[in-house]
Amino acid sequence: MPGDEASPHPPQTPAAPLARAEGFIWLTARVLEQRRFAFHFLGGDADPVDTALGSYLNGDGGYGHALDPDLRGPLSQPLHTAHALRVLDSLGRCSGQRIERLCRHLTGVSTADGALPVVFPAPRDYPAAPYHPMHDDPPGELLTTGPVVGVLHRNRVWHAWLFRATDFCWDRIENLRHSHPYEVQSAVAFLDGIPDRARAAAAADRLGRLVREQRLVVLDPGRRGEYPALPGYAPEEQLFPHDYARRPESLGRGWFTDEELGRSLDFLAAEQQPDGGWPVRRRDWAPGSTLERRPIATLEALLTLRAYGRLPEGHPPDGVSRPGPVPPR
């Protein structure tokens, strides 16, 4: 009778988020992000990630070649350095001669106050995102210095460059009166890695109050239209609690209630697109930059969701992947 026979095409179960993300990574990502995905989620080895990262390393000890997709061209830039250190930190390889050379490079390119600018002036007009303007004499910025110093401290790196750079970060953070979301993210990256945990906790407490008072975080994604647009940011370029507290161990976690963070993580999970990747909310200024950044955003989303127990699939075997930020060792 009609209806008794099994359908020749049974309905397909939607693929799990991790499986959908894997398809997106293989389809669109650079070799570096493909290797990172395999390391973090497929039990892959760290060596291929390290090898892929090495292709961005320059002879001066810094990193270039659009490692951060917003800065094109071969030159070593602080944003590339911060990106490279995050990768090395996640591999547990933030030490040795490579880091010693990197610190010597940072010593040579720092500003007069011992910090890193966002972008160094270039001898040629290599393409760069318009929200990273070039200056002939760029000032030191917490945006770039904070993440670099935080990762180096967390990995017990000791180098003369760190002394003044650390003082610069403390001074900026403890005297912040007005800020913007990405600068706050960089402050959290610094505070999550610095050895003085009591001072870091006190600074984080004040910073968290500033974030809430100045409405630098969307506490309810369902009402994001009520939050003010920030100067220089794209219309939907807003940060949420999970953007400040990528892992439960982060000092930024204490800024939000369980309900606020839960809504944020629900929103993050729901942002996965039909192609399996996560969107990039910043301004779309070049097709290549956006294409390369989406796999990075996808990896960050997956790592955050897993850190909070929201991604049950694909847990790596012991020792494979414990990305930062974590308490200083």
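This is a predicted model: local features need pLDDT of at least 70, side-chain atom pairs count only at pLDDT 80 or more; totals for chains, interfaces and linings use all residues.
**View 1. Cysteine C94 and its closest cysteine sulfur.** C94 has a relative accessible area of 2%, so this residue counts as buried. Its sulfur lies 8.3 Å from the closest cysteine sulfur, which belongs to C103. A disulfide needs the two sulfur atoms within 2.5 Å, and the C94 sulfur is therefore too far away for a bond.

View 2. Is C103 buried or exposed? With a relative accessible area of 1%, C103 is buried. For the sulfur of C103, the closest cysteine sulfur is the one in C94, and at 8.3 Å that is too far for a bond. Searching the whole structure turns up zero disulfides.

**View 3. The largest nonpolar core.** This core holds 59 residues, and L152, W161, L191, Y244 and W255 make the most contacts inside it. Several helices each give at least two residues to this core, among them helix 2 (31-41), helix 5 (97-109) and helix 9 (197-213). Helix 7 provides the largest share, seven residues. In soluble globular proteins, nonpolar side chains tend to be buried together.

**View 4. A closer look at Y244.** Which residues does Y244 touch, leaving aside those up to four places away in sequence? Its partners include P181, V184, Q185 and V188, along with L239, W255 and F256.

Key. Residues are numbered from 1 along each chain as its sequence is written. Side-chain values use heavy atoms; hydrogens and water are left out. Buried means under 20% relative accessible area, exposed over 50%, partly exposed in between (1.4 Å probe, protein chains only). A nonpolar core is a set of buried Ala, Val, Leu, Ile, Met, Phe, Trp, Tyr and Cys residues joined through side-chain atoms within 4.5 Å. Helices (H or I, at least four residues) and strands (E, at least two) are DSSP runs, numbered from the N terminus. Contact means heavy atoms within 4.5 Å.
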